[in-house]
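Me: I have a model open and want to go through it piece by piece. Can you take my questions as they come?

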Amino acid sequence: MLWKRLSLGLLLIVLGGLAACKEAAVSNPVGERVFRTRCASCHGREGEKVLSPDRPALQGSRLPVERIKNAVREGVPPRMPKTPMEEDTLQFLAEYVHQL
Ligand code: HEC
């Protein structure tokens with residue numbers, strides 16, 4: 001039946017579109033770029049490096065966004081320097097680090 005085939009095709013197109021939207025919402029190119037240029041030299045490209053015996057790697061640690069923002073604003077004693085940046089850039093960065 002042509003009608004059935006058409007509606008199935010349409011359904012697949014709609015579902016594909018939804019999946020693409022979800023993908024776009026999750027990726028965060030600004031956060032990724034800032035992380036790679038300003039944080040990855042110490043923390044590793046994917047945040048995988050463990051820098052201190054009493055702190056886990058950023059990757060998988062799921063620190064709260066506010067805590068990450070604070071670490072960047074204030075630095076983390078004794079070895080992480082503060083990194084000044086625009087508030088909206090910091091928000092993208094912190095959300096990116098949170099989901100690593
Ligand atoms: C010069 C190296 C260096 C750079 C650059 C750096 N960090 Fe760090 N970071 C550290 C070290 C080292 C620690 C662990 C603190 C310590 O024990 O000295 C740390 C700790 C952290 C923590 C854990 C804070 C907590 O509350 O447990 C977060 C989050 C973090 N860094 C995020 C970032 C982000 C985001 C950037 C990029 C803006 C960044 N860091 C850049 C070295 C660095």
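Me: Which residues make up the largest nonpolar core?
Reply: The largest nonpolar core has 12 residues in all: Val34, Phe35, Cys39, Leu58, Ile68, Val72, Leu90, Leu93, Ala94, Tyr96, Val97 and Leu100. A nonpolar core here is a set of buried Ala, Val, Leu, Ile, Met, Phe, Trp, Tyr and Cys residues joined through C-beta atoms within 7 Å. A residue is buried if 20 or more other C-beta atoms lie within 10 Å of its own, exposed if 12 or fewer, and partly exposed in between, with C-beta atoms placed from the backbone.

Me: And which elements give two or more residues to this core?
Reply: Those are helix H2 (29-38), helix H4 (65-74) and helix H5 (87-98). H5 supplies the largest share, 5 residues. Helices (H or I, at least four residues) and strands (E, at least two) are DSSP runs, numbered from the N terminus.

Me: Before going on, what sort of model is this?
Reply: This is a predicted model, where local features need pLDDT of at least 70, side-chain atom pairs count only at pLDDT 80 or more, and totals for chains, interfaces and linings use all residues. Residues are numbered from 1 along each chain as its sequence is written.

Me: OK. How many helices and strands in the protein chain?
Reply: The protein chain has 5 helices and 0 strands, and its pattern along the sequence is α-α-α-α-α. Of its 100 residues, 14% count as buried.

Me: At what angle do H2 and H5 pack?
Reply: At about 85 degrees, and their axes are 8 Å apart. Axes are lines fitted to C-alpha atoms, for helices over the stretch in contact, and angles run from 0 to 180 degrees between N-to-C directions. H2 and H5 are therefore roughly perpendicular to each other; angles under 35 degrees count as roughly parallel, over 145 as roughly antiparallel, 65 to 115 as roughly perpendicular and the rest as oblique.

Me: Which residues meet there?
Reply: From H2, Val30, Gly31, Glu32, Val34 and Phe35 meet Thr89, Phe92, Leu93, Glu95, Tyr96 and Val97 of H5. Contact means that the C-beta atoms of two residues, placed from the backbone, lie within 7 Å. By class, the residues of this contact are 7 nonpolar, 2 polar and 2 charged. Ala, Val, Leu, Ile, Met, Phe, Trp, Tyr, Cys and Pro count as nonpolar, Asp, Glu, Lys and Arg as charged, and the others, Gly among them, as polar.

Me: What is Val34 in contact with?
Reply: Thr89, Phe92 and Leu93, leaving aside its neighbours within four places in sequence.

Me: Switching to the ligand. Which residues come nearest?
Reply: Cys39, Cys42, Ser52, Arg79 and Met80, out of 22 residues around the ligand. Helix H3 (40-43), H4 and H5 each give two or more residues to that shell, and H4 gives the most, with 4 residues. A residue is near a molecule if its C-beta atom, placed from the backbone, lies within 6 Å of it. The shell contains 14 nonpolar, 4 polar and 4 charged residues.

Me: Now the backbone. Which peptide bond is cis?
Reply: The one from Pro77 to Pro78, with omega near 0 degrees. Pro78 is in the loop between H4 and H5.

Me: And Arg62, buried or exposed?
Reply: Arg62 counts as exposed because it has 11 C-beta neighbours inside 10 Å. Its phi is near 50 degrees, a positive value in a residue other than glycine. Arg62 sits in the loop between H3 and H4.
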